[in-house]
Amino acid sequence: MPATRTRPSPDVVATAVAELQALFGNRAVTSQAVRQQHAHTLTWIENQPPDVVVFAESTEDCVAVMRIAAAHDMPVIPFGTGSSLEGHVNAPFGGISLDTSLMKRIIAVHAEDLDVVVEPGVTRKQLNEYLRDMGLFFPIDPGADASIGGMAATRASGTNAVRYGTMKDNVIALEVVLPNGEVIDTARRARKTSAGYDLTRLFVGSEGTLGIITKITLKLHGIPEAISAATCSFPTVKDAADATIVAIQTGIPMARIELLDEVQVGAVNAYSKLSLPEKPLLLLEFHGTEAGVAEQVERFRAIADEYGAGDFQWAAKAEDRTRLWQARHDAYWAALALRPGWKGQSSDVCVPISRLAECIDATKKDIEASGLIAPIVGHVGDGNFHVLPLMDENDPASVAACKAFMGRIVERALAMEGTCTGEHGVGQGKMKYLAAEHGDAAMALMASLKQAVDPRGLMNPGKMAG
């Protein structure tokens, strides 16, 4: 294991900050407001700010920060947009928050190879706006307009994952600054390789604990000829989940299939000014040729009918589809609006698709028995769903009930051979579940990898394996 981490002394911090400010000027910031903005604030996890925030503009800037950090034994916490949900960017030992949001260059689009090279501060919306006129798009869509670097670091996913996979399936290569200041390329642009260890996927999902991602090569896809979106309601959450399972098992190539329970539908209606039926709801999207999409739609409708589906509504126009999916992406904020002033902790788990209906149904019953307000949404096409229990921080009983419920969600998923997180990542919030999921031997291997790459424990300490 890396050496036990302690907070740098005030003298060490002052010396390091002086060096950073001499090098970066007003891009090295120590104001309390900026430091707190670069710690975790979206959930009930405590805000733990860094000592200084440095806004990098290049790989060379990241190397310089890493060398100063190493010289003074200062932690470094990479920062994208701060949209993560498990305390990934908190600084429990102080140190340097390295903000890559100014690294926004789209370096090269290789349309003939269907790939693009970007810097980590490029956001998914920025990238897709740039690609649109070329007839190309990048499919990973976690909802928030997250940075590509942060999405790679957390192994992000989203609504399109059922068809296009997650970040691990769509990252071809990375440029990474290691804790010792060296810069490596994890792979070339070739779509496959058998040359050596898969270093790309070592860093995808490493959550800033192994190095600083400074360039990303991504797979692209052609914009489909035809896109059709729809909503349909079901009598129960279990019916909606069962219909999803059968649709996936029969091979219907849906691009998106999202579940909202009736509580979340009510919240979305109020927040986004929609009039969806306040029943368990599936949001669907189909991609392909005109004929192919029509066939997919009819095949799904036949399955949905068997599970009591009704109220099919189609969004044929692009603006209607955009409004519908934006409402889905705003589900977090819509849920918080159910109890203004309360906190929410968005938890996600993922189970084998065959256990999905059982897991969601048991979770729904748990919510009702606990007396909680906890809307459910899910990327149910790959067995992944989210629950957002709301909590009154001033009521100890409310806090205790929410935290106990959060633990039961994970225990239920692990008992069904699932995972404690399908896409949010580990951060601080899910660390306590890793040993139960992976076992002691696997945890020891992760610690060995961390020790090999970051022996001094400089990179994002207090997270994952270090």
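A cavity here is a set of grid points where a 1.4 Å probe fits but cannot get out. The model is a predicted one. By that definition, a search of the whole structure turns up one cavity of 30 Å³ or more.

**The cavity**

The volume of the largest cavity is about 40 Å³. Its lining consists of Gly158, Thr159, Ala161, Val162, Arg256, Ile257, Glu258, His379, Gly381 and Asp382. Sorted by class, the lining holds three nonpolar, four polar and three charged residues. Two elements, α6 (161-164) and β13, each supply at least two lining residues. The biggest contribution comes from β13, with three residues.

**The sheet**

Strand β13 also belongs to an open sheet of seven strands, in the order β15-β12-β14-β13-β18-β19-β17, with antiparallel pairing. At the edges are β15 (310-315) and β17 (347-350), each of which pairs on one side only. Neighbouring strands of this sheet are turned by 20° against each other on average, direction ignored. Strands of a sheet pair through backbone hydrogen bonds.

| Strand pair | Sense | Bridges |
|---|---|---|
| β12 (226-233) and β14 | antiparallel | eight |
| β13 and β14 | antiparallel | six |
| β17 and β19 (384-387) | antiparallel | four |

Cysteine 232 stands opposite leucine 282 in β14. Leucine 282 is also the bridge partner of leucine 259.

Is β14 mostly covered or mostly open? It is mostly covered, as eight of its eight residues are buried. In a regular strand the side chains alternate between the two faces of the sheet. In β14, Leu281, Leu283, Glu285 and His287 point one way, while Leu282, Leu284, Phe286 and Gly288 point the other way, and all are buried.

**Helices on the sheet**

Helix α10 (residues 262-272) lies across β13 (254-260), β14 (281-288) and β18 (376-379), and runs at about 95° to β13. Helix α14 (residues 356-370) packs on the sheet as well, where it touches β13, β18 and β19. The direction of α14 makes about 10° with that of β19.

**Loop positions**

Aspartate 73 has a phi of about 55° and sits in the loop between α3 (59-72) and β3 (76-79). With a relative accessible area of 39%, arginine 155 is partly exposed.

Serine 31 lies in the loop between β1 (28-29) and α2 (32-37). This serine counts as partly exposed because its relative accessibility is 33%. How far apart are serine 31 and aspartate 392 in sequence and in space? They are separated by 361 residues in sequence and by 30 Å in space, C-alpha to C-alpha.

Conventions. Residues numbered from 1 in each chain as written. Predicted model: local features only at pLDDT ≥ 70, side-chain atom pairs only at ≥ 80, totals over all residues. Heavy atoms only, no water. Pairing = 2+ DSSP bridges. Axes fitted to C-alpha atoms, helices over the stretch in contact; angles between N-to-C directions. Contact = heavy atoms within 4.5 Å. Buried < 20%, exposed > 50% of the residue type's maximum accessible area, 1.4 Å probe, protein only. 1 Å grid on protein atoms, 1.4 Å probe; cavity = no way out; pocket = protein on both sides within 12 Å on 5 of 7 lines; lining within 4 Å. Points joined across faces, edges and corners; volume = space filled by probe spheres on them. Nonpolar A, V, L, I, M, F, W, Y, C, P; charged D, E, K, R; others polar.
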